[in-house]
Amino acid sequence: GERPIGRVMAQVAMVMNLDKCIGCHTCSVTCKQAWTNRSGVEYVWFNNVETRPGQGYPRRYQDQDRWKGGWTRTRSGRLKPRAGGRIKKLATIFANPLMPSIEDYYEPWTYDYDHLISAPLGDDAPVARPRSLLTGEPMQVRWSANWDDDLAGGPELASQDPVVQRLGDQVRLEFEQTFMFYLPRICEHCLNPSCVASCPSGAMYKRSEDGIVLVDQDRCRGWRMCVTGCPYKKVYFNHKTGKAEKCTLCYPRIEVGMPTVCSETCVGRLRYLGVVLYDAERVGEAAAVADEHDLYPAQLGVFLDPDDPEVRAAARRDGVPDRWVESARRSPVYALAVRHRVALPLHPEYRTMPMVWYIPPLSPVVDALASTGHDGEDAGNLFGAIDTLRIPVGYLAELFTAGDPAPVEASLRTLAAMRSYMRRINLGQEPDPSIAESAGTDPE
Ligand code: SF4
Ligand code: SF4
């Protein structure tokens, strides 16, 4: 490359293919059994799967005006945590009011098993009321991590999605126009983690060998500034131990070459884990780019091509183990996020440089359905009909590219071309390279 390579580091990252998620929550449950099946963290889901549009978990976590997560850019172009300075001081004095309450997560409950059998018959089943795990009392459930899902994501709930509210008239919520998809979420193990920057005790750290972000339980003093500072709300407070806890990317498994529990148990097989090499000296610069629309391409510029001999030499110079470099060469994450640009980050405008990437859902093309009866997987249809995709491109762009529709469209075109190309092959027809070329993609 033109620019000298700075310090090479390795990061374990993940790509999730949203078209394949069926919202079964197996990942959430297996993660819970492995990591948060303890008292003090009943309400905690290191992995959650939210219905979009919807408010997510915790409720409205994307509203950074309210929660002050992530980084802002000062007028002089420097980055500072939104929850820094005065806010941090006030928060430590007033025991941090800037964090979601238990109602925003949800009050965990259990079923009233005795009553299930003895309760008199009612009009609706089940007849027994759930019982709070916090108070032991029967309770009325008003909100949960899957509320949008349970109520089928109707227009009423969808209208409370902060992204829908920001888009205004661009998203139509009438019945014929409704859309939904699932968004599984874990900690992003960010390259520029604002949770680490906001911890007053130095208890949060990013491991240099693989980039996994962890909380040192012995050093944590329970300030909870990390809960405020994380824009994805993926640090949780254990109210029994008084310490912060978070997704560990199953590091004891990663260390012995096993996948995370969520990846291994995913029913849709949609989670790809891999190592990526990046230039640590470019991180701050890429995160501080002035124009939010340019953040996504700027952040891609931080990754290094593991097939480039210069990169491999620099990696060796900087002490990256050879097996990590080899792993990076085979990594689906580099291929999907950087080489083919089909996987996109979640909210790059939070400037933490998240390391979980999403292949956007390629929804049916409404026009194509109506006029041809085809499901819109034909690349030709998609090129003409990008505005009539069932899931509005604007909605996906708000999630993945700070509102810029171009990278989302490019990803969807590539995906559509790949499907058309593969479909011909699967039907025993000759491969047609023109399909790939027309989408600006290499047939390989
Ligand atoms: Fe920290 Fe994870 Fe939140 Fe990123 S997503 S700021 S690494 S807790
Ligand atoms: Fe989606 Fe896989 Fe989780 Fe099921 S296990 S909800 S398919 S990510």
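Modeller: Axes here are lines fitted to C-alpha atoms, for helices over the stretch in contact, and angles run from 0 to 180 degrees between N-to-C directions. This is a predicted model, in which local features need pLDDT of at least 70 and side-chain atom pairs count only at pLDDT 80 or more, while totals for chains, interfaces and linings use all residues. Residues are numbered from 1 along each chain as its sequence is written, and chains are lettered from A and ligands numbered from 1 in the order in which they are written.

Helix α20 (residues 393–400) packs against helix α21 (residues 405–426) at an angle of about 110°, the two axes lying 8 Å apart (helices are DSSP runs of H or I with at least four residues, strands runs of E with at least two, numbered from the N terminus). That angle makes α20 roughly perpendicular to α21, a term that covers 65 to 115 degrees. Across this contact (C-beta atoms, placed from the backbone, within 7 Å), Val-393, Gly-394, Leu-396, Ala-397 and Phe-400 of α20 meet Pro-405, Val-408 and Glu-409 of α21. By class, six of these residues are nonpolar, one is polar and one is charged, with Gly counted as polar and Glu as charged.

As for the ligands, 14 residues surround ligand 2 (C-beta atom, placed from the backbone, within 6 Å), and the closest are Cys-21, Cys-24, Cys-27, Cys-266 and Gly-268. Helix α1 (26–35) and strand β7 (181–185) are the elements that give two or more residues to that shell, which has 10 nonpolar, four polar and no charged residues. Around ligand 1 there are 14 residues, of which Cys-187, Glu-188, Cys-190, Cys-195 and Cys-230 come nearest, and this shell has eight nonpolar, three polar and three charged residues.

How values were computed:
Parallel < 35°, antiparallel > 145°, perpendicular 65-115°, else oblique. Contact = placed C-beta atoms within 7 Å.
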